[in-house]
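I set out to look up the pockets of this structure and what lines them. My entries follow.

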Amino acid sequence: MRTIFFTLLLFGYTSGTFVQDEVNFEFSDGITNVSLKNRMEQQVMNLLTAINRAETTGGDINYSGINIDDLASQSINMLWNNVHFRCVDDDIVERCLQLRANNSVRGYQVRNIAIVMKPLDDTYTDNLNQQVCINFDATGKIVDFNITMGIQQYSKFMKEGTELNDMDKRMQIVNYLEQLRTAYNQKDIQFMENIFSEDALIITGKVVQRRKAEIGIPEKDVEYIVQRKQEYLSNLRGVFKRQGYINVKFNDYRIKRHGAKPNYYGVTLIQEWNSTTYSDKGILFLIWDFTDEDAPQIHVRTWQPTEISEDEIFTLNKFKLP
């Protein structure tokens, strides 16, 4: 018995296979094409196992044998360069979600995959327990990988989508918000180039103190800085270069469809920014244009400090839309 145990142990190390790294995955429902279902299940198993093996060895992720496009693997690598992680469960069963645009299926998604972060140093201050989603194109190729919002918030959006009959749009918004959050964490400037329209309006507020002369009590005012896309991206490149580590979190989402322009949506959320030398928390407002469902764009991005009153928060009706 001792000889058999030693042989198995030796085989495990020399072959580079660690049983605890392997992940089994299957879809519970949501897809009827058996061949496509089997292919996507295999890709998820291969990817999560490769991530676990890389975390175990401390090396890079090996994408050999995984049907994944270059942008998706680059996205994972950018996240990996900031913080390593591994899959929590070794046996996963989740629903397959359809991602639709223009009344047809453009891809698929699996959510609720639990991961645990393995920081490279002590600069990581976020929750170690996160969830990710994996996106596929219509053929089953992996095309995206993102850290996701909490399941309660996601369920709320889906309930609203059912009530307002715009489920597909809300799923797209959630998907792009998760990509946006991940893009900040990965320092992915190219995604920012693509997602902001060329004439995007960027407004950033900051709290300043002024003092009432008659009683000497300081009051808080908000100063606003207005930028256009290229100015904002130029400043963002500098931030990405200076900060060794960036972690952005989105919480408390609110999605509102424009009454007269149903392809426009306003999204309000709380953004928490933590990086190597700077942290803040504020109210982020975005106006999304889904006129082209295959390439939605952000026309307005505003950031305001949380100290402002409710009636000061930017909303859809405060901007003139094209």
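**Pocket entries**

I began with the second largest pocket, which is lined by 16 residues; Thr204, Val239, Trp273, Tyr278 and Asp280 lie nearest its centre. By pocket I mean, on a 1 Å grid over the protein atoms alone, an open set of points where a 1.4 Å probe fits, with protein on both sides within 12 Å along at least five of seven lines; lining residues have an atom within 4 Å of a point.

I noted that the model is predicted: local features need pLDDT of at least 70 and side-chain atom pairs count only at pLDDT 80 or more, whereas totals for chains, interfaces and linings use all residues. Residues are numbered from 1 along each chain as its sequence is written, and side-chain values use heavy atoms, with hydrogens and water left out.

The second largest pocket holds about 480 Å³ of space, a volume being the space filled by probe spheres set on points joined across faces, edges and corners. Helix H7 (229-242) gives the largest share of its lining, 5 residues; strands E11 (264-275) and E13 (297-305) each supply at least two. Helices (H or I, at least four residues) and strands (E, at least two) are DSSP runs, numbered from the N terminus.

I then turned to the largest pocket, with about 730 Å³ of space. It is lined by 30 residues, and Leu71, Val143, Asp144, Gln179 and Phe191 lie nearest its centre. H5 gives the most to this lining, with 6 residues; among the other elements that each supply at least two are helix H3 (70-82) and strand E7 (142-147).
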